[in-house]
Amino acid sequence: MVTIDGPAGSGKGTISKLVSHTLDFHYLDSGAIYRIIAFEAKTKNLFINQITQILKLVDGLNIQFSDEKIFLGSKEITDLIRSELIGKFASEIAKNKLIRERILGLQKSFFKSPGLVADGRDMGTVVFPDARVKIFLTASIEERANRRYKQLILKENNVNLSDLFERIKLRDESDTNRKISPLKAAKDAYLIKTDNLSINQSFEKVMEIIRSKEE
Ligand code: C5P
């Protein structure tokens, strides 16, 4: 069991997928669950204070992760949930204790043989506190905004770098300062600063740590 936590744009998604492929482990993108809830709540015109309705919606979700694609029922929503607008709403939803508790079982159900790589904000601290290997990835906000910009510009036309920088900064603050399951490294996590590392170099560092724990 490997957990890879970190802020938006730290590279955790890309690296977690590479690690899960290499180890032939299952993969959990826990942020996608919050994004899907946000996407559905937005589609149904729900606001953040309508928690009872959002919880009902959570109970009825039929999420399927298949290869790199995400389905809600039969609809593919992989790219639809990636915007910073959905990210912001996801971050507001993620502050709610009842919602976090409601999806705990779903997240834990991803832990199956032969193993799991789980990425998010609280994988090593709350959801999988007994994970064998815990990683916390960081990078400066400038670097992370740049990375996110490059990802989003491939799919959307109207992405603005300074706007993205501000949105990511606000989301960092909201995720770090919330009372429940804040974004933070587990005490026993390995910290990796990825500013000057390529994806491949970060991946190699993570694999080195995993191999060292196997011995
Ligand atoms: O990782 P990603 O940017 O897709 O996550 C979207 C939002 O979901 C985060 O900003 C955070 O508020 C929330 N989240 C969380 N706990 C996780 C994963 C994501 O609170 N384990």
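Visitor: Where is Pro-114 found?

Guide: Pro-114 sits in the loop between H6 and S6. Those labels are DSSP runs, numbered from the N terminus: helices are H or I with at least four residues, strands are E with at least two. This is a predicted model, where local features need pLDDT of at least 70, side-chain atom pairs count only at pLDDT 80 or more, and totals for chains, interfaces and linings use all residues. Residues are numbered from 1 along each chain as its sequence is written, and side-chain values use heavy atoms, with hydrogens and water left out.

Visitor: Which peptide bond is cis?

Guide: The one from Ser-113 to Pro-114, with omega near 5°.

Visitor: Is Gly-115 buried or exposed?

Guide: Buried means under 20% relative accessible area, exposed over 50%, and partly exposed in between (1.4 Å probe, protein chains only). Gly-115 has 2% relative accessibility, so it counts as buried.

Visitor: Which residues is Gly-115 in contact with?

Guide: Contact means heavy atoms within 4.5 Å. Setting aside neighbours within four places in sequence, Gly-115 touches Phe-25 and His-26. Asp-24 is 91 residues away from Gly-115 in sequence, yet their C-alpha atoms are 8.0 Å apart.

Visitor: What is the phi of Asp-24?

Guide: Positive, about 60°, although Asp-24 is not a glycine. Asp-24 lies in the loop between H1 and strand S2 (26-29), and is exposed at 59% relative accessible area. Asn-45 also has a positive phi, about 55°, and is not a glycine either. You'll find Asn-45 in the loop between H2 and helix H3 (51-59), exposed at 61%.

Visitor: How many residues of H2 are buried?

Guide: 11 of the 14, so H2 is largely enclosed by the rest of the structure. Among them are Tyr-34, Arg-35, Phe-39 and Glu-40. For length, the expected span is 1.5 Å times one less than the number of residues. For H2 (residues 30-43) that gives 20 Å, and the end C-alpha atoms are 20 Å apart, which agrees.

Visitor: How do I read two packed helices?

Guide: Use the angle between their axes and the distance between the axes. Axes are lines fitted to C-alpha atoms, for helices over the stretch in contact, with angles from 0 to 180 degrees between N-to-C directions. Under 35 degrees is roughly parallel, over 145 roughly antiparallel, 65 to 115 roughly perpendicular, and the rest oblique. Helix H1 (residues 12-23) and helix H10 (residues 199-214) pack at about 50°, axes 10 Å apart, and are therefore oblique to each other.

Visitor: Which residues of H1 and H10 meet?

Guide: Thr-14, Ile-15, Leu-18, Val-19, Thr-22 and Leu-23 of H1 meet Ile-199, Ser-202, Phe-203, Val-206, Met-207 and Ile-210 of H10. By class, that contact has nine nonpolar, three polar and no charged residues. Here Ala, Val, Leu, Ile, Met, Phe, Trp, Tyr, Cys and Pro are nonpolar, Asp, Glu, Lys and Arg charged, and the others, Gly among them, polar.

Visitor: At what angle do H8 and H9 cross?

Guide: Roughly 120°, with the axes of H8 (residues 141-153) and H9 (residues 161-177) coming within 9 Å. That makes H8 oblique to H9. Their contact includes Arg-144 and Tyr-149 of H8, and Phe-165 and Asp-172 of H9. It has eight nonpolar, one polar and six charged residues. The buried residues of H9 pack against H2, helix H4 (84-93) and H8.
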